[in-house]
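User: Could you walk me through this structure, beginning with how its parts are defined?

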2 protein chains.
Amino acid sequence: MKTDDMAKQRKPGMSDAQITEAARHFTILSEPARLKILRALMAGPQTVTELVAVTGLKQGNVSKHLGVLYGARFVNREKEGNFARYSIADADLFTLCELMCTRIDRDVKNLAASLKARR
Amino acid sequence: MKTDDMAKQRKPGMSDAQITEAARHFTILSEPARLKILRALMAGPQTVTELVAVTGLKQGNVSKHLGVLYGARFVNREKEGNFARYSIADADLFTLCELMCTRIDRDVKNLAASLKARR
DNA sequence: AAACTATATCGCGATTTGGTAATATGTCAA
DNA sequence: TTGACATATTACCAAATCGCGATATAGTTT
């Protein structure tokens, strides 16, 4: 098959399987509680107890959320004696969150501007 | 206040309000059906009927999802007579999805590699 | 006006998931 | 071993939401 033929019938960038996986991962970032945990971890590695103190969430809750985050490799787990120290797994998380936040900020500004122009 | 003092007690990058909003927006990207619609739109603007044909979803369903996407300004709406033509609102969507997909691919490779090394 | 088409919305059943309390597992220290 | 502590797991309830069918709204055509 020639390259321009490929360009014409070029398949969508994501397969159905990739879409399913992407959706699953976005789901994990769709919980305020988990984002709060991630925000705390962005200041550096933390134990569960520390995260409970910082976030105000209950222990079982934090543990469950960390399990979810760990299952998707968003965080690393490091057992130290009696404790478990969690940390952000990769820098993509920062990028994802920053991108989403700047998007939101931009929309807010656009909305405010259009409201102002409408009078 | 000096800059290094600011570094020490530097506040988390996202406020609670920003976290809530970010979570809400991630939620919108957490549905396979919505991602399928977005994937279709990445090939160019489409009417609801066209999206129904491409995605295989029911009309009411597509309309509802488009409403959600439009509410978060992920897509634009353009009424043309009897039709409504939707389009991707900004390029950040591509970046977000690509970033997530490359993250997933990388994890899969890492997992495969560690499995291989473990025998 | 009536019929047709495209899109949006409503109500419902079913599934999923977060928070909580209680409990289990595992580790260290005396 | 026993007790104390950190973490993980379980069972349960409540809230959110997806898909579906039916219907409502709005624009176009005859």
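Analyst: Helices are DSSP runs of H or I with at least four residues, strands are runs of E with at least two, and both are numbered from the N terminus. This is a predicted model, in which local features need pLDDT of at least 70, side-chain atom pairs count only at pLDDT 80 or more, and totals for chains, interfaces and linings use all residues. Residues are numbered from 1 along each chain as its sequence is written, while chains are lettered from A and ligands numbered from 1 in the order in which they are written.

User: Which element gives the largest share of the surface near DNA strand D?

Analyst: That is α5(A), with 6 residues. A residue is near a strand if its C-beta atom, placed from the backbone, lies within 6 Å of it. There are 22 residues around DNA strand D, and Thr47(A), Thr49(A), Gly60(A), Gly60(B) and Gly81(B) come nearest. At least two residues each come from α4 (48–55), α5 (59–71) and β3 (83–88) of chain A, and from α5 (59–71) of chain B.

User: What is the make-up of that surface by class?

Analyst: The surface near DNA strand D has 6 nonpolar, 12 polar and 4 charged residues. Here Ala, Val, Leu, Ile, Met, Phe, Trp, Tyr, Cys and Pro count as nonpolar, Asp, Glu, Lys and Arg as charged, and the others, Gly among them, as polar.

User: And which residues are closest to DNA strand C?

Analyst: Gly60(A), Thr47(B), Val48(B), Thr49(B) and Gly60(B) are the closest of the 21 residues that surround DNA strand C. Two or more residues are given by each of α5 of chain A and α4 (48–55), α5 and β3 (83–88) of chain B. The largest share of this surface, 6 residues, comes from α5(B). By class, the surface near DNA strand C has 6 nonpolar, 11 polar and 4 charged residues.

User: Back to α5(A). Which of its residues are buried?

Analyst: Val62(A), His65(A), Leu66(A) and Leu69(A) are the buried residues of α5(A). They cover an arc of only 105° around the axis, which puts them on the same side of α5(A). Buried means that 20 or more other C-beta atoms lie within 10 Å of the residue's own; exposed means 12 or fewer, partly exposed is in between, and C-beta atoms are placed from the backbone. The arc is that of the directions from the helix axis to the C-beta atoms.

User: What do they pack against, and what is on the other side?

Analyst: The buried residues of α5(A) pack against α2, α3, α4, β2 (75–80) and β3 of chain A. On the other side of α5(A), the exposed residues are Gly60(A), Gly67(A) and Gly71(A). Just after α5(A), Arg73(A) takes a positive phi of about 60°.

User: New topic. How many residues does each chain put into the contact between chains A and B?

Analyst: Chain B gives 32 residues and chain A gives 32 residues. On the side of chain B that touches chain A, two or more residues come from each of α2 (16–28), α3 (32–41) and α6 (92–117) of chain B. The largest share of that side, 10 residues, comes from α6(B). The side divides into 17 nonpolar, 7 polar and 8 charged residues. Two residues are in contact if their C-beta atoms, placed from the backbone, lie within 7 Å.

User: Where do the buried residues of α2(B) lie around its axis?

Analyst: In α2(B), Ile19(B), Glu21(B), Ala22(B), His25(B) and Phe26(B) are buried. Seen down the axis, the buried residues of α2(B) fall within an arc of 165°, so they line one face of the helix. What covers them includes α2 (16–28), α3 (32–41) and α6 (92–117) of chain A. The face turned away from the buried side of α2(B) carries the exposed residues Asp16(B) and Ala17(B).

User: Which residues touch the most other members of the largest nonpolar core?

Analyst: Ala22(A) and Ala22(B) do, in a core of 38 residues. Elements giving two or more residues to this core are α2, α3, α5 and α6 of chain A together with α2, α3, α5 and α6 of chain B. A nonpolar core is a set of buried Ala, Val, Leu, Ile, Met, Phe, Trp, Tyr and Cys residues joined through C-beta atoms within 7 Å. Leaving aside neighbours within four places in sequence, Ala22(A) is in contact with Met14(A), Leu35(B), Cys97(B), Met100(B), Cys101(B) and Ile104(B).
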